[in-house]
Amino acid sequence: MHLSKFFLLLLAFIAYEVSAARPHKTLVASIAKDTKTSLYSIRLNINEHYVIDLSSPFLWYNCPLQHPLVICRSPQCLQAQSYPPPSCILESKQQLPQVPCTCLVTPVNPVTKLCASAQLTYKNFAISSINGSTPTGSITFSNTYVSCAPDSLLKSLPKGAIGLAGISTAPLALVSQFTPSFLGLSKKFAICLPDTDAAPGLVFFGDGPYNLLPPTNFDVASILTYTPLQKIPKSPDYYIDIKAISIGGKAIPVPRKSLAADKLGHSGVKLSTVVPYTTLRADVYKAFVNSFIESTQGLPQLNAVKPFRLCFNSTAIGFSRVGLHVPPIDLELANGKNWTIFGANSMKQVSEEIACLAFVNGGKTAEQAVLIGSFQMENNFLLFDLAKSTLGFSSSLFFIRTTCGNFNFTNVP
């Protein structure tokens, strides 16, 4: 057998090392919010922090000078190169004059948009397993494929973050590598982003149950509403099909076709954990803001506070369990379901007396009609089922008197 083929078969055989013999149905890791950057980091290997990104096709980090290499043109190399970023295509095709040749990929910082040509490598990752409510053990995934990255890509990331964890639909994203079929784990993950740095949120991999602590203490999956994920052939991102947006039960005047995604993912509605506030293309934003003003007549407006356009005197607005008492915003999905956004996720309190509509103008050339940002996801439970290509969503967990911070991490190994 050729040496390179033997090497690949050996890697496939030892790709995962389970630290306990019992079956694992669900894995869990904490998510920390960095309030300075509005980015969220998953904790792996006890104390390694990686910024989570729903778009990145793989995980990258600032690896040591000496690290194992992956052969170019291997299956894993081709998978890692399958979604080259448009601005770095030429770099991703470069090869160093080495024999045997090594795999080069293109890690990207999603905030600064900086990219680099780097080597694909692999390393071990440990993550907690749970019995439904609390962590009870750990599992180690050996030889998980990751990309190296230079120090320059760490700029603008939270202090202490050593890299980025892609949890997209790509074959080398974290969700695919953490849910191997031989472990009996379904290819799905759930994220629950915290709204504060005082208590961590969490990410689950696998089937659940996804239990939160009292006062509710139940499987959050039981209250989820589901909608199909749109499949965009050349994109690893998560898109949903929205037919309309309504405020206070009244649809804003935007044609459905202007919200639809084409085969390349242009326009459409995409989810992002690295964009802090939902960003609307200029035509959608104008109709959206005008409709919100119409629905909030009588509320005293104040001067705009960047990056927001519409701000109010929050002391004149009532408060409910789900935030400031403003008209609910409904993302009306193509399958007839609604993702409702209440005050806690639509209004940003920028000072003691000022709250602003937490949606921003992406301009006329915005790539998406609607880019759903992380503020609108906070304390919402989102379940991404890659096998069924569906998204489950809870709307605000405040309705059931719990938050994304209500998970018992005290027994994490």
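Buried means under 20% relative accessible area. The legends below apply that cut-off to the cysteines of a predicted model.

**View 1. Disulfides in the whole structure.** A search of the predicted model finds five disulfides. Three of them, including the pair of cysteine 311 and cysteine 356, are shown in close-up below.

**View 2. The disulfide between cysteine 72 and cysteine 101.** The two sulfur atoms lie 1.5 Å apart. The bond links distant parts of the chain, 29 residues apart. Cysteine 72 sits in the loop between β4 (59-61) and α2 (75-80). Cysteine 101 sits in the loop between α3 (89-92) and β5 (104-105). Cysteine 72 has a relative accessible area of 5%, so it is buried. Cysteine 101 also counts as buried, at 16% relative accessibility.

**View 3. The disulfide between cysteine 77 and cysteine 103.** Here the S to S distance is 2.1 Å. The torsion about the S-S bond is about 90°, so this disulfide is right-handed. Cysteine 77 belongs to helix α2, and cysteine 103 to the loop between α3 and β5, so the pair ties together parts 26 residues apart in sequence. Both cysteine 77 and cysteine 103 are buried.

**View 4. The disulfide between cysteine 311 and cysteine 356.** The sulfur atoms of this pair are 2.0 Å apart. With a torsion of about 100° about the S-S bond, the disulfide is right-handed. The pair joins two strands: cysteine 311 lies in β18 (residues 311-313) and cysteine 356 in β24 (residues 354-357). These distant parts of the chain are 45 residues apart. Cysteine 311 and cysteine 356 are both buried.

How values were computed: Residues are numbered from 1 along each chain as its sequence is written. This is a predicted model: local features need pLDDT of at least 70, side-chain atom pairs count only at pLDDT 80 or more; totals for chains, interfaces and linings use all residues. Side-chain values use heavy atoms; hydrogens and water are left out. A disulfide is a pair of cysteine sulfur atoms within 2.5 Å. Helices (H or I, at least four residues) and strands (E, at least two) are DSSP runs, numbered from the N terminus. Buried means under 20% relative accessible area, exposed over 50%, partly exposed in between (1.4 Å probe, protein chains only).
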